[in-house]
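Here is a short report on one protein model. Keep the structure in view as you read, and find each part as it is named.

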Amino acid sequence: MLHTFVAYVEDKPGVLNRVASLFRRRAYNIESLAVGHTNLPGVSRMTIIVDAAGEDVARHIEANLYKLVNVLRVDDLTRLEAVAREMALIKVKATKKTRGEIVQIADIFRANIVDDAPDNLVLEITGTVEEVDRLLKMLDQFGVSDVQRTGVIAMLRGGDENTYDLSLLTETTRPNDGNMQTEA
């Protein structure tokens, strides 16, 4: 079963490597990984999708993520109401004959044409993994020559009751391990 973890981490060099190494050492394949800044300086957010055979494996992964010094918070969104999206750029071969049909398919999937060349089109789609997969399947008949997918990003649905104060994730709230600077 695919599990979606969101990890808030310190925005420091080497953190991504340490997280990826944790999964490598335990032989868990990361299906999707997306990393970006949050609205709090010094804190990044990782959305990690991993195939975890059972709930025990998922809890084990979460516990191991917490063991990493630079990990501030981990949430398993798998069974929670969440919004999850992926963005993809798709380069598809297009002739004068097929261009109109490709544009119609793009419209159906609410994809944007972001580059128009004489022999191909580049489409941009944002949606669920399944929507991106379906668009790729529809475009396959024309000849997809290149695909770049961002990886899934996810966030809890709902109002303030489903959110938490990211300012609580600062270095000053973590115990000093001898390597971190704390405020006096």
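## Helix H4 and its buried side

The buried residues of helix H4 are Val132, Leu135, Leu136 and Leu139. Buried means under 20% relative accessible area; exposed means over 50%, and partly exposed is in between (1.4 Å probe, protein chains only). These four cover an arc of only 100° around the axis, which puts them on the same side of H4. The arc is that of the directions from the helix axis to the C-beta atoms. Helices (H or I, at least four residues) and strands (E, at least two) are DSSP runs, numbered from the N terminus.

What do the buried residues of H4 pack against? They pack against S5, helix H3 (99–108), strand S7 (120–127) and strand S8 (144–149). Contact here means heavy atoms within 4.5 Å. This is a predicted model: local features need pLDDT of at least 70, side-chain atom pairs count only at pLDDT 80 or more, and totals for chains, interfaces and linings use all residues. Residues are numbered from 1 along each chain as its sequence is written, and side-chain values use heavy atoms, with hydrogens and water left out.

Look at Val132 in helix H4. Val132 is buried, with a relative accessible area of 0%. Leaving out residues up to four places away in sequence, Val132 touches Glu86, Ala88, Ile125, Gly127 and Arg149. Val132 and Phe109 are 23 residues apart in sequence. In space, their C-alpha atoms are 8.6 Å apart.

Where is Phe109? Phe109 sits in the loop between H3 and S6. Phe109 is buried, with a relative accessible area of 15%. Phe109 and Arg134 are 25 residues apart in sequence, yet 8.9 Å apart in space, C-alpha to C-alpha.

## Helix H3

In H3, the residues Arg99, Ile102, Ile105 and Ala106 are buried. Seen down the axis of H3, its buried residues fall within an arc of 125°, so they line one face of the helix. Gln104, Asp107 and Ile108 are on the other side of H3, and they are exposed.

The buried residues of H3 pack against S5, strand S6 (112–117), S7 and H4. Just after H3 comes Arg110, which takes a positive phi of about 55°.

## Helix H2

Helix H2 (residues 55–67) has 13 residues. From its first C-alpha to its last, H2 reaches 19 Å, close to the 18 Å expected at 1.5 Å a residue. The expected span is 1.5 Å times one less than the number of residues.

Which residues of H2 are buried? They are Ala58, Ile61, Asn64 and Leu65. They cover an arc of only 125° around the axis, which puts them on the same side of H2. Asp56 and Lys67 are exposed, on the other side of H2. The cover over the buried residues of H2 includes S1, helix H1 (15–25), strand S3 (43–51) and strand S4 (71–76).

## The largest pocket

The largest pocket has a volume of about 410 Å³. It is lined by 19 residues. Of these, Leu2, Thr4, Ile49, Val129 and Val152 lie nearest its centre. Strands S1 (2–10), S2 (30–37) and S5 (82–93) and helix H4 (129–139) each give two or more residues to the lining. S5 gives the most, with 4 residues.

How is a pocket found? On a 1 Å grid over the protein atoms alone, a pocket is an open set of points where a 1.4 Å probe fits, with protein on both sides within 12 Å along at least five of seven lines; lining residues have an atom within 4 Å of a point. Grid points are joined across faces, edges and corners, and the volume is the space filled by probe spheres set on the points.

## Thr4 in the lining

Thr4 lies in strand S1. At 17% relative accessibility, Thr4 counts as buried. Beyond residues up to four places away in sequence, Thr4 touches Thr47, Ile48, Ile49, Asp75, Asp76, Leu77, Thr78 and Ala154.

## The whole protein

The protein has 4 helices and 9 strands. From the N terminus on, they run β-α-β-β-α-β-β-α-β-β-α-β-β. Of its 184 residues, 37% count as buried.
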